[in-house]
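This report considers selected sites in one protein model. Please look at the sequence and the structure before reading on.

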Amino acid sequence: MVAPAVDDIETSPFAAVNHYFDQGAVAAGIAPDYRLLLKTPYREMRVEVPVRMDDGRLEVYIGYRVQHNGARGPYKGGVRYHPQADLDEIRALASLMTWKTALVDIPFGGAKGGIQVDPRGMSDDELKQMTRRYTQHISYILGINRDIPAPDINTNAQIMAWMMDAYGQKMGYTPGIVTGKPLELGGSPGREQATAQGLAYVLEAAAKDLDFPVEGARVAIQGFGNVGSWTARILYKLGCRIVAVSDIDGGVGNVDGLEVPALLKHVHETGSVTGFPGADPLTQDELLTCDCDLLIPAAVGGVIDADVAERVRARVVVEAANHPVTPGGDQILAGRDVIVLPDLLMNAGGVIVSYFEWVQNIQEFRWTLERVNDELKRFITEAYRQVQVVQSQERLSMRIAAYMIGISRVMEATRLRGYV
Ligand code: NAD
């Protein structure tokens, strides 16, 4: 197999993010030499992660931590365990975090980490060993004022607990070193559902402005992990009809709407949405192109390319996942007047509440769920309003308006620091 060219915006996630960055930076009036500075990741660490498997085999995985930009605060971003988590993907995700944290105006930079591995089928013991080794190996560049990881695909509160413990073994009790921890170890109320909750707050505001109803909307969601399942739960409560969902094993659909509480129970018992009684099986392609009002990709990147975009039937694509639409797909959706609510804004709820968790850890004080959600709504709605204003003033897409705001803030911090 020929490896994808890293400058191909359809196959390289980092090239795709930089394609949008360039448009945002031009709109923000950033000079070409500063554009290069802002695009380039500050530091990249590649580590070997050896794991003694339960059957005695020794596996050696490769892990990464990319610190993209720290002008506005400590590096911040999730850790992903996934076969496609290579350096190009992690760079793209780290860059997205830089513009996202700046867009929602929280005092963090951008980072991302990951191990290139398929963790499905690994035992808890193997996962724990892998997590601890990875944390030890990247610990030299972590710190509560330096770089703070969080959960992403195939990582969760338990994995954050192991990361915190591995870091603490070396550095002493430091709960603020990761966010998305269990409540018992200093996690924040509302962090687990924060990404979906933030998405719902923006969706409600955008629905009024763009004149589409949330109540009764037919929704298709790809991915039924943290973000996808919480999105289903919250939108179901808001009166949406969840007509299709999928996970890595396949999808299910019902035009009359899936009974979400029963679906959650089914997933809890079987580990997958597939086989849910009373629903028809769907392929990923059928889910992405099904008849619905809101299409919410909440799994991996690059799933809506030009070919899929031609066949999307939704009126609105809500980017819960990071970079789910390729530049080619984006162009086609724009040409077909499909509204795209961009990842920088729509999934920022997770990092906003991660910020609140970090603040609570530093303060050694716990907020109530109500306070967390009130503050989340305030931060994310304000960011949405700013995107709306810039979009209409500058005649840009919401995506490029979001990039432009984020890039302007990082540029200003860079200038004030007198960095170069
Ligand atoms: P998760 O591991 O909890 O869930 C991922 C889901 O996607 C699972 O249901 C999995 O089966 C499915 N999936 C994986 N590969 C797939 C494929 N090739 N096709 C279809 N489905 C597939 O991960 P998550 O935390 O929910 O993250 C989902 C997306 O949201 C990612 O793009 C992530 O970067 C983004 N995101 C997550 C957070 C967060 O707080 N967890 C915050 C911001 C953005």
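In this report, two residues are in contact when heavy atoms of theirs lie within 4.5 Å. The model described here is a predicted one.

**Threonine 179**

Threonine 179 lies in the loop that runs between helix 5 (157-171) and helix 6 (194-210). With a relative accessible area of 0%, threonine 179 is buried, because a residue counts as buried when that value is under 20%. Leaving out neighbours within four places in sequence, threonine 179 is in contact with Lys76, Ile148, Pro149, Ala150, Pro151, Met160, Ser354, Glu357 and Trp358. Two residues in this list also take part in polar contacts with threonine 179: its side chain is joined to the side chain of lysine 76 by a polar contact of 2.9 Å, and a polar contact of 2.7 Å links it to the side chain of serine 354.

**Glycine 114**

Glycine 114 belongs to strand 4 (residues 110-115). Glycine 114 is buried, and its relative accessible area is 0%. In sequence, glycine 114 and valine 79 are 35 residues apart, yet their C-alpha atoms are 4.8 Å apart in space. When residues up to four places away in sequence are not counted, glycine 114 touches Ile62, Gly63, Tyr64, Val79, Arg80, Ile90 and Tyr134.

**The ligand and its surroundings**

How many residues surround the ligand? There are 22, and the closest are Asp152, Asn154, Thr195, Asn226 and Ala299. Sorted by class, this shell holds 9 nonpolar, 9 polar and 4 charged residues.

| Residue | Protein atom | Distance to a ligand oxygen atom |
|---|---|---|
| Arginine 80 | polar side-chain atom | 2.9 Å |
| Isoleucine 248 | backbone N or O atom | 2.9 Å |
| Alanine 299 | backbone N or O atom | 2.7 Å |

Taken alone, the ligand exposes 830 Å², and the protein buries 87% of that area.

A search of the whole structure finds 0 disulfides. A disulfide requires two cysteine sulfur atoms within 2.5 Å. Cysteine 240 counts as buried, at 5% relative accessibility, and cysteine 292 also counts as buried, at 2%.

**Positive phi angles**

Which backbone angle is positive in aspartate 337, although this residue is not a glycine? The angle is phi, with a value of about 60 degrees. Aspartate 337 is found in the loop between helix 11 (327-335) and strand 12 (339-341). Its relative accessible area is 66%, and aspartate 337 is therefore exposed, as the cut-off for that class is over 50%.

Glutamate 364 is another residue other than glycine with a positive phi, near 50 degrees. Glutamate 364 occupies the loop between helix 13 (349-363) and helix 14 (369-394). Glutamate 364 is exposed, with a relative accessible area of 73%.

Conventions. Residues numbered from 1 in each chain as written. Predicted model: local features only at pLDDT ≥ 70, side-chain atom pairs only at ≥ 80, totals over all residues. Heavy atoms only, no water. Buried < 20%, exposed > 50% of the residue type's maximum accessible area, 1.4 Å probe, protein only. Helix = DSSP H or I, 4+ residues; strand = E, 2+ residues; numbered from the N terminus. Polar contact = N/O pair within 3.5 Å; in protein donor to acceptor, adjacent residues only side chain to side chain. Near = heavy atom within 4 Å. Areas by Shrake-Rupley, 256 points an atom, 1.4 Å probe, with all protein chains shown as cover. Nonpolar A, V, L, I, M, F, W, Y, C, P; charged D, E, K, R; others polar.
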